[in-house]
Amino acid sequence: MGDHDSWYTLLMPEFWAHLESSAAEHLARDKAFLIFGATHFTLVHVAGALLAFVVLIIAALRYRASLQDSSRGVIPPRNFGLAAMVDGFVGAVYNLSADVMGEEDAKRFLP
């Protein structure tokens, strides 16, 4: 495993080699100017961001679907699931923000 390898490049090496070589033709920096020298071109950070985006969208859609069921009401379910995890995460972010900026500003910036 090299310095610039990750799980993406190890799981599908041919795909990543083709993708990065074709993208590097248009996006890579070839010229050096002052402190900007030659760098290693990679798309791993883009793949990580896309994967995180897809996971967040799926979690948000599933959470919204769990709230749409009117027969369950507002009481949280007994078992630990995605809705409880999202609710806990949102509550933790709100409490952290309220501790940092105060209760009034937290209500204003995080409705």
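Val90 sits in helix 4. Helices here are DSSP runs of H or I with at least four residues, numbered from the N terminus. The model is predicted: local features need pLDDT of at least 70, side-chain atom pairs count only at pLDDT 80 or more, and totals for chains, interfaces and linings use all residues. Residues are numbered from 1 along each chain as its sequence is written, and side-chain values use heavy atoms, without hydrogens and water.

Phe89, Val90, Val93, Leu96, Val100, Met101, Phe109 and Leu110 make a nonpolar surface patch of about 780 Å². Patch residues have over 30% relative accessible area and no salt bridge, with nonpolar side chains joined within 5 Å. Areas come from the Shrake-Rupley method with a 1.4 Å probe. Helix 4 (residues 82–101) gives the most to the patch, six residues.

Helix 3 (residues 44–68) and helix 4 have axes that come within 9 Å and cross at roughly 110°. Axes are lines fitted to C-alpha atoms over the stretch in contact. The two helices are therefore roughly perpendicular, a class that spans 65 to 115 degrees. Ala59, Arg62, Tyr63 and Ser66 in helix 3 meet Leu82, Ala83, Val86 and Asp87 in helix 4; contact means heavy atoms within 4.5 Å.

The structure holds one salt bridge, defined as a side-chain nitrogen of Lys or Arg within 4 Å of a carboxyl oxygen of Asp or Glu. Asp105 pairs with Arg108, with the closest N and O atoms 3.8 Å apart. Both lie in helix 5 (residues 103–109), three residues apart. Exposed means over 50% relative accessible area, buried under 20%, partly exposed in between.

| Residue | Relative accessible area | Class |
|---|---|---|
| Asp105 | 29% | partly exposed |
| Arg108 | 58% | exposed |

Definitions and conventions:
Patches are made of residues with over 30% relative accessible area and no salt bridge: like charges are joined within 9 Å, nonpolar side chains (Val, Leu, Ile, Met, Phe, Trp, Tyr) within 5 Å. Buried means under 20% relative accessible area, exposed over 50%, partly exposed in between (1.4 Å probe, protein chains only). Axes are lines fitted to C-alpha atoms, for helices over the stretch in contact, and angles run from 0 to 180 degrees between N-to-C directions. Angles under 35 degrees count as roughly parallel, over 145 as roughly antiparallel, 65 to 115 as roughly perpendicular and the rest as oblique.
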